Amino acid sequence: MKKHLINYFNGIADQKWLYPALFVFSFLESIIIPIPLELVLVPLMLQASPRRIWLLAGIALLGFLAGATLGYFSAIHLIDQLEPWLLQSQESQQYYQAALAEMEENGFWYLLTVGITPLPTQIAMLAAGSTAFPFGLFLLAMLVTRSIRYFSIAWVMSLWGKSGYHWLKSHKSRAKKLAVLLLVILALYELVL
């Protein structure tokens, strides 16, 4: 990581506004900002004590869940107004139509897959809300997937610090593939039972 970024995150690591700012950033990332929260979360965790690493992951999770809830209920009540604004490109319209079909067919498993992978969750939230997918299951899927993402980062950072950061950076595609494989195994297990 570049020296000036390390100095920047060192400077904000002990600020009182850090936790509310992380909550707001996580909230916005879940509904409108296409920048992965991990780009902010990992450098903050590098500067934090082990106890604060877990707190950062928890605050990120709460912010995401608050944003996901807003996205879900916005889709239920405002999809007709939001659709032209959010789905301006042909690609996003196609992705939304595919998400609607996946929600109808696979629901919970689709949300788990989207939540754990780098696919945009915003369109999946809209699809879940606009298909009236049960809110409790929607929230459970978001809770499970983002807990896995944020708390696994916290676990690596608390155990290995900077060397953990370098490991995450060099193995992120393998870690994502492993997470998807685990979800597929769980889905197959569910089908067999």
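Select Arg-146 and Glu-29 first. Arg-146 is buried, and Glu-29 is buried too. Buried here means under 20% relative accessible area, exposed means over 50%, and partly exposed lies in between (1.4 Å probe, protein chains only). This is a predicted model, in which local features need pLDDT of at least 70, side-chain atom pairs count only at pLDDT 80 or more, and totals for chains, interfaces and linings use all residues. Residues are numbered from 1 along each chain as its sequence is written, and side-chain values use heavy atoms, with hydrogens and water left out.

Now look between the two side chains. What does Arg-146 form with Glu-29? Arg-146 forms a salt bridge with Glu-29, and their closest N and O atoms are 4.0 Å apart. A salt bridge is a side-chain nitrogen of Lys or Arg within 4 Å of a carboxyl oxygen of Asp or Glu. Distant parts of the chain are linked by this pair: Arg-146 sits in helix 8 (residues 135-192), Glu-29 sits in helix 2, and 117 residues separate them. By this rule, the count is one salt bridge.

Next, select residues 18-31. This is helix 2, with 14 residues. From its first C-alpha to its last it reaches 20 Å, close to the 20 Å expected at 1.5 Å a residue. The expected span is 1.5 Å times one less than the number of residues. Color Leu-18, Leu-22, Ser-26, Glu-29 and Ser-30: these are the buried residues of helix 2. Look down the axis of helix 2: its buried residues fall within an arc of 100°, so they line one face of the helix. The arc is that of the directions from the helix axis to the C-beta atoms.

Move to Thr-121, in helix 7 (residues 121-130). Is Thr-121 buried or exposed? Thr-121 is buried, with a relative accessible area of 4%. Leaving aside neighbours within four places in sequence, Thr-121 is in contact with Ser-30, Phe-64, Val-114, Gly-115 and Arg-146. Contact means heavy atoms within 4.5 Å.

Go back to helix 8 and pick Val-144. Val-144 is partly exposed, with a relative accessible area of 34%.

Finally, show the whole protein chain. The protein chain has eight helices and zero strands. Helices (H or I, at least four residues) and strands (E, at least two) are DSSP runs, numbered from the N terminus. Of its 193 residues, 40% count as buried.
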